[in-house]
Amino acid sequence: MASGRGSPWLVSRTLPKHEYLRSSTARPFRRTREEEEEKGGPCCFGVGEKIMCKSYISFDILRRVLKDYFKFDVFYCMNITDIDDKIIRRARQNHLFQQYREKRPEAAQLLEDVRAALTPFLVKLNETTDADKKQMLERIQHAVQLAIEPLEKAVQSRLTGEEVTSHVEVLLEEAKDLLSDWLDSTLGSDVTDNSIFSELPKFWEGEFHRDMEALNVLPPDVLTRVSEYVPEIVNFVQKIVDNGYGYVSSGSVYFDTVKFASSERHSYGKLVPEAVGDQKALQEGEGDLSISADRLSEKRSPNDFALWKASKPGEPSWPCPWGKGRPGWHIECSAMAGTLLGASMDIHGGGFDLRFPHHDNELAQSEAYFENDCWVRYFLHTGHLTIAGCKMSKSLKNFITIKDALKNHSARQLRLAFLMHSWKDTLDYSSNTMESALQYEKFLNEFFLNVKDILRAPVDATGQFEKWGEEEAELNKNFYDKKTEIHKALCDNVDTRTVMEEMRALVSQCNLYMAARKAVKRRPSRALLENIALYLTHMLKIFGAIEEESSLGFPVGGPGTSLNLESTVMPYLQVLSDFREGVRKIAREQKVPEVLQLSDALRDDILPELGVRFEDHEGLPTVVKLVDRNTLLKEREEKRRVEEEKRKKKEEAARRKQEQEAAKLAKMKIPPGEMFLSETDKYSKFDENVTAVLWLFRVCPHMTWRAKSSAKAKPRS
C-alpha cells in the first residue's frame, strides 16, 4: 500500500525527533504533536451493520496504542453513511413490504403474488455465477417452496381460521426477500417521502453505537452523517468542477479520471494501480441503482465515477445547481473529512476491500479539490473477518451479529482474539480462535490471582523488601528484556500478535519462579511480581482489554460496578479460609472424616456458586481467588465429567475382570471329554476315541505327543 508522493510529517519542536513507528506503508511514522485520523464508519441499512466487524475493534486498538502508548494527540473522525444505493433500496423494500403485510392479503392472493415474485427471482438465480451467492439464493428458493406447499393444500381443502393464518405468516416470512424485490421493482418509484429513507439508517445507527459500547470501543471525537453535510458536499463537487476535474451530464456530475490522470500534479489509482479499469469493481462502487445502461452512457470514460447523482423517482433528493439529486458514495468521505481535517490528514482507515475503487477515488477527488498530491499520508487497511474459514458477508447471510457474539463470549475475550492476530491480516472467527482467546485470558487471570494472593499475605513494612537472589535477578532481567521486545513489536506496525506472545512468555517465567519458590516453601519477591503484574495490567488497559477502574489484573464483577468487589469481600473470605484451615487441621488430628467432607463441599460446591475458589496446597496456606462464577461452574462441571469418566472406566475394567474370572472358572468345570468339542474353528470332526485321548492329554501331560498322534480328530485345512 503506497500512500502517495506526499511530504513527510512535520515534527513538533517540543518532542524528540528520533522516535519512529514503522508502518506497513514502508515509511516510518514520525512522532508528531497531533495526529488526525479519519475512519470510514458503517453504512447503516440493516442487521448487517451489527455484524462482528474486524475494523471497529482493530482501529480501536490502533487508536488506543497511538494515544496511550506512543502519546500521540489523536483526533478521531468517523463517517456514518446514511445515504446510499443499498440504503435507498432497503428502505423502499421495508416500507413496501410492511404496507403489503398490513393489508393482510388473502391466502390465494399471497400465493399468486409469491409465484409472480418467483419469476424474476429464478431469472436472477440462473444468471448468478458466484457459487456462494447462488447457494444462498437456492436456500431461499427451497424455503419458499416448502412454505408454499402447506398453504396450497389448505386453500385447496378450503380450510379457514388459525391454521390458514399460520401458514400465511410462515410464507410471508420465508418469501420476504423475494416479495420485497418484486414490490420494489413494481412500486418503488412511487416512494417519494424522504423520511422513509432516514428512519432506517437512524435506527441502525443507534444499534451500532450500543454495540460499540458493549464491545468497549471508544466513541469518535466527532461523527459525521452524509445527510447532515449535503450543502458541504454540493460545494465540494462544485469546486472540483470549477477546477476542471468534473463535468455535468444529464443532471449528474462525474469525475473526469482521464483529465485528472493526465495532469502533471496528479496520478490516479495510487493505492491499487493494477485495478484501474476494473469495471466490476467500479460498478460495485457506483451502486446497484447507478449502473443502468442510460447511467453508464452519461460518462465520458468507463473509469469515471459519480460525484453527484441525479435522483430517479423513488429516490431521496436535495436541491443543487444541477437539479435535484443526491451525493455519490465516494464524495461523502472527502467532503466531510475535508471540512473537519482540512487539506490533508495523517491516517485514513478502512477495510482491505475498500482500497479500490473507494479509497483511490477519495484520494483523486480530494486532491482535485485541494489541488495537492497528498490528501492522506498513511492508509491503514484491516484484514477481513471470516467465519469458520468462509467469507463473512451480509449479502450471503453468512455472518454472526455482535449481539450473538457477545452471548457466547465477553467483549474482553473477543478483543483478546483480535489482539492475538495482526490487525492487517484476515481473522477467522471460529471455535478454535475463541478457545485460544479463552485459554489466554484464563492463563493471565490465574497469574493475576496468584500475585494478588501473594500481595495479601500479611508482612510488616520491611518484610515486603527481601534480599534478591539469582532467581530474582534473572526474572528482573527477563522482565526488562520482554518490555524491550514489546516496545519493538509495537513500533513494528503495531504488531500486537508478537506483543501477546511476549507477554505470555513473561507470565510463564513468573509462574516457574513462583513454583520454584513454593517447592522450597519460600516466599517469592512481592515487589518484583507486583511490578510485572502492574506492567501487564497497564498494557492490557492500553489495548482496551481491562477497564480503567482495575488497579491490578482483570476486574471482578465486570465493568461499570461502583463497588470494588475484591477489596470489599476479600478480608471476609480470608477469615473464612483461615477458620476452615483450622477446622480441617483439628479434623485430621481427631480423625473426623465427616468434617473434612463438609470442608471439601464448601470448597467444591458452595463457594463456586458465589464466584470464589479455594485452592488447597499441602503444607501451605489456602489460596483464595475471586473468579467469574460461570467460569468456576464450567470448571466444576468439567471436573465432574472427568471424574465420572474415570468412574465408568474403573467400573468397566472391574466388570471385564469379573467376566474373565467367571469364564476361567466356567472353563475349569468342563469335563475333559468335552473340552475341545466347542473349538470347531480348529477341528472339523472327532472320532469315537476323542474322550479317551483327551483324558490322557489332561491327566498325563508327559504323554502329550502320543495322545495327539493317536487322536483321529482332523484339523481344518
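Predicted model: local features only at pLDDT ≥ 70, side-chain atom pairs only at ≥ 80, totals over all residues.
1. Start with the largest nonpolar core, which has 72 residues. Phe447, Met503 and Phe543 make the most contacts inside it. Helix α19, spanning residues 526–542, is the top contributor to this core and puts in nine residues. As general background, nonpolar side chains in soluble globular proteins tend to be buried together.

2. Leaving out residues up to four places away in sequence, Phe543 touches Ile61, Arg64, Val65, Leu419, Leu490, Val499 and Met503, among others. The list of its contacts also includes Arg415 and Thr496.

3. Now the cysteines: how many disulfides does the model have? The count is zero, going by sulfur atoms within 2.5 Å. Are Cys491 and Cys510 buried or exposed? Cys491 is buried at 15% relative accessible area, and Cys510 is buried too, at 0%.

4. Then there's an open sheet of four strands, ordered β6-β7-β8-β9 with antiparallel pairing. The edges are β6 (246–249) and β9 (325–327); each has a single partner strand, so one side of each has no neighbour in the sheet. From one strand to the next, the twist averages 25°.

5. Within that sheet, take a look at β7 (residues 252–255) and β8 (residues 305–310). These two run antiparallel and are joined by three bridges. Tyr254 sits opposite Ala306 in β8.

Technical notes
Residues numbered from 1 in each chain as written. Heavy atoms only, no water. Core = buried A, V, L, I, M, F, W, Y, C linked by side-chain atoms within 4.5 Å. Buried < 20%, exposed > 50% of the residue type's maximum accessible area, 1.4 Å probe, protein only. Contact = heavy atoms within 4.5 Å. Pairing = 2+ DSSP bridges. Axes fitted to C-alpha atoms, helices over the stretch in contact; angles between N-to-C directions.
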